[in-house]
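I opened this structure for a first look and kept notes as I went. The entries below follow the order in which I looked things up.

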Amino acid sequence: MTLQHSTHRNRDSVKNPELRSTTLTPPLSVAVPAVNVESDIRDCLAHLEAQLDTVDLEVLLIDRIGVSDALLANRPWVRRYPVEKSVTIPEMRARAFDKARGDAVAMIEDHVMVPDGWAEDMLAALAASDGVVAGSVEN
């Protein structure tokens with residue numbers, strides 16, 4: 001797998017749907033199963049949005065809690081896929097993999113607040129690896 005930083009976009013092209021092609025392949029898809037509360041999703045998305053300064057990414061929000069449309073307004077980089085409450089977290093992640101357009105796919109939980117530079121660091125680590133990057137998980 002070859003990842004090139006030349007696929008990064010500037011923030012205006014990511015946040016402005018008129019400048020973003022529907023066929024664009026982002027370097028990173030981030031799967032977020034929405035299973036807790038909307039305030040977790042709000043914080044998670046705010047931290048992912050900060051990544052758009054350096055990396056073009058898409059977020060696949062697999063939604064079993066009914067996230068409000070208002071939370072997703074002005075976030076064209078988030079694609080929501082509603083599921084029934086009976087759908088398990090592993091099934092939600094599998095659906096995200098099926099929908100992902102990115103060259104790489106990251107899985108995080110809805111309460112995760114990624115640090116500044118996270119997406120760029122993930123792509124750099126992936127480019128330097130055999131195709132898998134993992135880190136510690138603290139809940």
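Entry one, the surface. I looked up the accessible surface of the protein, and it comes to about 7,600 Å². Carbon and sulfur atoms account for 50% of that surface. I note here that the model is a predicted one.

Entry two, the whole chain. I counted the secondary structure and found 5 helices and 4 strands. Reading along the sequence, I wrote down the pattern α-β-α-β-α-β-α-β-α. The protein has 139 residues, and buried ones make up 37% of them. I then turned to contacts between residues at least 6 apart in sequence, and 72% of these join residues at least 24 apart.

How many of the residues of β1 are buried? I found 7 of 7, so the strand is largely enclosed by the rest of the structure. Both of its faces are covered. On one side I listed Leu 28, Val 30, Val 32 and Ala 34, and on the other Ser 29, Ala 31 and Pro 33, all of them buried. Next I looked for the pairing of β1 with β4, which is parallel and runs over 4 bridges. In that pairing, Ser 29 stands opposite Val 105 of β4.

Which residues cover each side of β2? Leu 57, Val 59, Leu 61 and Asp 63 are on one side, while Glu 58, Leu 60 and Ile 62 are on the other. I noted that Asp 63 and Glu 58 are among the buried residues.

β1 and β2 run parallel and are joined by 7 bridges. I picked out Val 30, whose bridge partner in β2 is Val 59. Between these two strands the chain passes through α2, and the β-α-β crossover is right-handed. I also found β2 joined to β3 (residues 78–82), again in parallel, by 5 bridges. There, Leu 61 of β2 stands opposite Arg 80 of β3.

I located Glu 49 in helix α2, which spans residues 38–50. Is Glu 49 buried or exposed? Its relative accessible area is 13%, and the cut-off for buried is under 20%, so Glu 49 counts as buried. I looked for a polar partner and found the side chain of Arg 75, in contact with the side chain of Glu 49 at 3.4 Å.

I found Asn 74 in the loop between α3 (69–72) and β3. Its phi is near 65 degrees, a positive value in a residue other than glycine. I noted its relative accessible area as 70%, and the cut-off for exposed is over 50%, so Asn 74 counts as exposed.

Is Val 87 buried or exposed? Its relative accessibility is 7%, and it counts as buried. Leaving aside neighbours within four places in sequence, I found Val 87 in contact with Arg 64, Met 92 and Arg 95. I took the spacing for one of these: Val 87 and Arg 64 are 23 residues apart in sequence, and 7.6 Å apart in space from C-alpha to C-alpha.

Conventions: Residues are numbered from 1 along each chain as its sequence is written. This is a predicted model: local features need pLDDT of at least 70, side-chain atom pairs count only at pLDDT 80 or more; totals for chains, interfaces and linings use all residues. Side-chain values use heavy atoms; hydrogens and water are left out. Buried means under 20% relative accessible area, exposed over 50%, partly exposed in between (1.4 Å probe, protein chains only). A polar contact is a pair of N or O atoms within 3.5 Å; within protein, one must be able to donate a hydrogen and the other to accept it, and residues adjacent in sequence count only if both atoms are side-chain atoms. Two strands pair if DSSP finds at least two bridges between them. A crossover is right-handed if, with the strands pointing away from the viewer, the path from the first strand over the helix to the second runs clockwise. Contact means heavy atoms within 4.5 Å. Accessible areas come from the Shrake-Rupley method with a 1.4 Å probe; for residues, only the protein chains shown count as cover.
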